[in-house]
Amino acid sequence: MLNPEEYNCDPHLLVPGATVTTGELVASVASASPDARRSFEVLARLVRNVLEQPAEPKFWEVAKANSSVQSAVVDVPSCARLLRRCGFADDGCRFRLQGSGLRCGEAFRLAAALAEQPLAADLAEDLGRALRGDAGAQAPLGGGQGVAAAGAEPAWPARYLSMAEAEAAGRRLSRPGWTCFQGCDAEPEQDAHAMPLASLEACMECAETHAFGGFCAFEGTAYFRETPGAELWQALQRCPAGYEGACFYIYQPKVLAQRAEDDELERALRLSLGDC
């Protein structure tokens, strides 16, 4: 069961790294699609199918040549973008669910944005019920070990950090956009990729290149998450006994770049006023 209080459900939130909000994309579908209702129906159904039956492989991908998907999603760029935001990667001939499952924060924002459209209010209610229902954890693609199977007991109890605790625990690194959190993890066991931790810089470069929101460094291996850094920040939790040596690294280029710029402006202002 997903708790909306664990996510930022504001459809007008500009997620770090994004150029448009979920609400703006939904509004674009409403104005640009020849049949906006149909576009919203297909989009909501693709997301809801995974939520309701996460262990069913047939819902992990959909051919772009499918007549309904072609006309309702592929031919409406803003609708296709919404589907990708929810975790369906475009591999050329199909949309395929990423290894870590749906991006639930984005799905919550989609439901909130649909609720603002009169022609999609009922779809928003259905999607909201699916998100808050007994969908369980997302199933891994191809039987991988990184994601908990549907209905399985979570390996780690959820002990989420408050924003104040996360701010206090975070240590900004010299590499722009990166913050580390000792003894923490986010979305444990939802690994999209893993590589040896031979070089921390190489792991950060990998995350930046492949749009991973962060990674957990533990016992010589880096475990990457596809969820955006802003959502990983909200999902931070203390590691249980035996995992205290883990360190979680989050990448938020725009947010931290802005903070650095603000700090620099504040220092410049103090110097101009003679305040050392």
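A residue is termed buried when its relative accessible area is under 20%. The legends below describe a predicted model.

**View 1. An edge-to-face aromatic pair formed by Phe181 and Trp233.** This pair belongs to a set of seven aromatic pairs in the structure. The ring centres of Phe181 and Trp233 lie 5.1 Å apart, and the angle between the ring planes is 90°. Distant parts of the chain are linked by the pair, as Phe181 lies in strand β5 (residues 178–182) and Trp233 in helix α9 (residues 229–234), 52 residues apart. Phe181 counts as buried because its relative accessibility is 0%. Trp233, with a relative accessible area of 5%, is therefore also buried.

**View 2. A cluster of aromatic residues joined by ring pairs.** The members of the cluster are Trp178, Phe212, Phe215, Phe224, Tyr249 and Tyr251.

**View 3. Lys64 positioned over the ring of Phe95.** The charged end of Lys64 is 5.5 Å from the centre of the Phe95 ring.

**View 4. The protein chain as the setting of the close-ups.** The secondary structure of the protein chain consists of 10 helices and 11 strands. The protein chain has 276 residues, of which 45% count as buried. Of the contacts in the protein chain between residues at least 6 apart in sequence, 70% join residues at least 24 apart.

Methods: Residues are numbered from 1 along each chain as its sequence is written. This is a predicted model: local features need pLDDT of at least 70, side-chain atom pairs count only at pLDDT 80 or more; totals for chains, interfaces and linings use all residues. Side-chain values use heavy atoms; hydrogens and water are left out. Rings of Phe, Tyr and Trp (its six-membered ring) pair if their centres lie within 6.5 Å; planes under 30 degrees apart count as stacked, over 60 as edge-to-face and the rest as tilted. Helices (H or I, at least four residues) and strands (E, at least two) are DSSP runs, numbered from the N terminus. Buried means under 20% relative accessible area, exposed over 50%, partly exposed in between (1.4 Å probe, protein chains only). A charge sits over a ring if NZ of Lys or CZ of Arg is within 6 Å of the ring centre and within 35 degrees of the ring normal. Contact means heavy atoms within 4.5 Å.
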